Structures are given as structure tokens and as C-alpha cells.
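Look at the fold below before you read on.

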Amino acid sequence: MIRCSKCNEFSIYYEPMSNREYCKKHFCEYFENSVKENMKKLNITKPKIAVYYSGGKDSAVLLYVLRKILKFDTIMITANLGVKEHFEKISKLGKKISKELDIDYFEVSLKQSLGVDIPQIVREKNAKLACHYCGELRNIALDKASYILNVDAVASGHNRDDVTRFLLNNYLKNDIFRATEFASKIYPEQNIKKKINYINPIQLKPLIYLNEKEITLYCLINNIEITDACCGFGSKEKSDMQGWRNDLTYTINFLEEKYPGYSINLIKNFEKNYIPIFNECVKNNINFFKQRQCVFCKRPMNTEIKDICLTCEDCAKTIGFDATNSDIKLNKI
């Protein structure tokens, strides 16, 4: 049996980039330290954090570490997409977790807050774009909810694989806009936020250096409950996003296996080289945002902050959504 690199206990996990073996205790220490270091980006004493809870392993693990291990003042927010069975599964487990961790749990309804939900879009509009709409509507509702709750930052469970896939996707598509928006939200300097008129709480991704395998293992070690809730609209057959996403995942896994550290180096390269350029451009009023085409109506959009078709006025009207609406309905569960 292979031994832990830090003690004489049996190893349960090998980390190829550092060439280290970890026992159960030291793996959890390695995992929790990674989250702790990422939370330092906030640079606020005793911050209040809202966690976007989806019922999956990433957000469940994030809640567990932030609240139980690192003792942050934390609240949970779940977006109700309008899919009854999907939301019931998430909220049932969410209530149990909020009670165990002694934190407040809120629901923000897309239908009540934005006037439209995902089943309605699928029924009446282009079902193939359901994931595009869902991502944008959900983020708008959650961001507005966190603003109303007056938190210092919001934390989502996006992991290393998610962020690598996002960056690689936008590099390959030469989409500087989305990478720039990403930079403005999760690596913000206060003066940069002010200049680009980004008023929502800072977005943190504390799991950004941890991959899917590590999160799954941590979940199993600590008996963290998750739900298999699925909205039912995101399959490869129903959505135009899943085929490309699966291909990128395969590519990243192949490169990571052949060149350990590939994904984390891609992210750190973005942090080291791209973020300073972005900040300097904003400070010096250099407008390098490109006009993007709406994925729905193909017309150009001239916004710097919001994304995809929901910022196209005609498109927003088409799906019955008003991005200027601030009447967010928050329900405490």
C-alpha cells in the first residue's frame, strides 16, 4: 500500500501536479486550504457570503467548507426555474442542510421576479436555447437577490474543470467579451468595479483550483448529501450547448492526463497575464469590448456587462423578460 507523503497513513489520493500522496486527513487539509486561500481574495474581515445552492456536489461541498470548517457568515440562495419536481428535490435537501449548518435559506423565483420561467421558454420559444436562457436568467435573479440581501460576496461552486472549459471555449471562439466579463466579476478591484458600473456583490469561485475528482472524494469522505435533481432540459438532444461542452470536457481530461497541471496552468496564466491587461484598459479608458451577436436573433449587442440574448431588447421582449425589473421576490425557506 502507498503511504501519505506527509505521514505514515495509507494514501487515498494522488495529486499528479505536486507528485504527492494524501491520506484522508491530509487530503481534507489540502482541500480546505485551497478554499481558504481563494477566500482571501475578498480581503474583508468577517464577510457575509451568499452561496448559490443548486443541490449538486459542488455547491454542497462549498457550503460545508465555508460554514462548518472555515466558520464564515453564510446564507444559501436557490433559483426556482419553474420546474416543480426539480425545485422540490433541491429545496427539500437544502432545508435539511440549512438546519444542520444553522444558516438562512432563500428561494428566488424566476417567474415571480423576472416574469418568465424555463418551461415557458421551452414551450413557446426555441427549446434548443433553454440552457442559454436559463444561465442568464438564473444569474440575473441570483445576483439581484444577493444585492438585496446586502452580502459582501457571492460564492458559486464552479470548479477547476468548469473554469478551464469556460476559458478554453472562449479562447477557441475568440470571444474576448465573455472572458473580459468573467475577469470583471471575479477578480475585481473596487475602482474597476466602479468604472464599469458593476454594482452587484463580488463573485467568488473558491473551488477554482480543485477538480471534479477531488470534490467528489471530499464529498464522500465527509458524507455530504447531494441530490440528483435534473431540470430535464439540458440533455445533448434537447440543448445546443451539451455536445460542444462534452467535447471540451473530453479534450481537457485528455490534456490533463497527458500533461498534469494543464488546467490549473491555464487558469493561472489567465490570472497572471490577462487580468492586469484588462484592468489597465479599463483604467485608461481603452474600449476593447467587441460587439457580440445575440444567439437568438443574431443582431449585434452593445453592452459591456450583460451577456447573450437577454441584453438584446427585441429578444428580451420575445421571451417576455425585462432586464431592468428590480422587483425580485425572495422567499425564505
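Which residues does tyrosine 218 touch, not counting residues up to four places away in sequence? Tyrosine 218 touches Phe27, Cys28, Phe31, Glu32, Val61, Tyr64, Val65, Ile69 and Ile224. Contact here means heavy atoms within 4.5 Å.

This is a predicted model: local features need pLDDT of at least 70, side-chain atom pairs count only at pLDDT 80 or more, and totals for chains, interfaces and linings use all residues. Residues are numbered from 1 along each chain as its sequence is written, and side-chain values use heavy atoms, with hydrogens and water left out.

**Overall**

The protein has 13 helices and 10 strands. Both are DSSP runs, numbered from the N terminus: helices are H or I with at least four residues, strands are E with at least two. Of the 333 residues, 52% count as buried. Buried means under 20% relative accessible area, with a 1.4 Å probe and protein chains only.

**The cores**

A nonpolar core is a set of buried Ala, Val, Leu, Ile, Met, Phe, Trp, Tyr and Cys residues joined through side-chain atoms within 4.5 Å. In soluble globular proteins, nonpolar side chains tend to be buried together. The largest core here has 39 residues. Phe27, Phe31, Ile49, Tyr53, Leu66 and Tyr218 have the most contacts inside it.

| Element | Residues |
|---|---|
| Helix 1 | 24-39 |
| Helix 2 | 57-69 |
| Helix 3 | 84-101 |
| Helix 10 | 212-221 |

Helix 2 gives the most to this core, with 7 residues.

An open sheet is formed by 6 strands, in the order 7-6-3-4-5-10, with mixed pairing. Two strands pair if DSSP finds at least two bridges between them. Strand 7 and strand 10 are the edges, and each pairs on one side only. Strand 4 (residues 73-80) and strand 5 (residues 105-109) run parallel, joined by 5 bridges. In one of these pairings, methionine 76 has tyrosine 105 of strand 5 as its bridge partner.

**One arginine**

Arginine 165 sits in helix 7 (residues 160-172). Is this arginine buried or exposed? Arginine 165 counts as buried because its relative accessibility is 8%. Its side chain joins that of aspartate 162 in a polar contact of 2.8 Å. A polar contact is a pair of N or O atoms within 3.5 Å; within protein, one must be able to donate a hydrogen and the other to accept it, and residues adjacent in sequence count only if both atoms are side-chain atoms. Leaving aside neighbours within four places in sequence, arginine 165 is in contact with Arg245, Leu248, Thr249 and Ile252.

Note on methods: Buried < 20%, exposed > 50% of the residue type's maximum accessible area, 1.4 Å probe, protein only.
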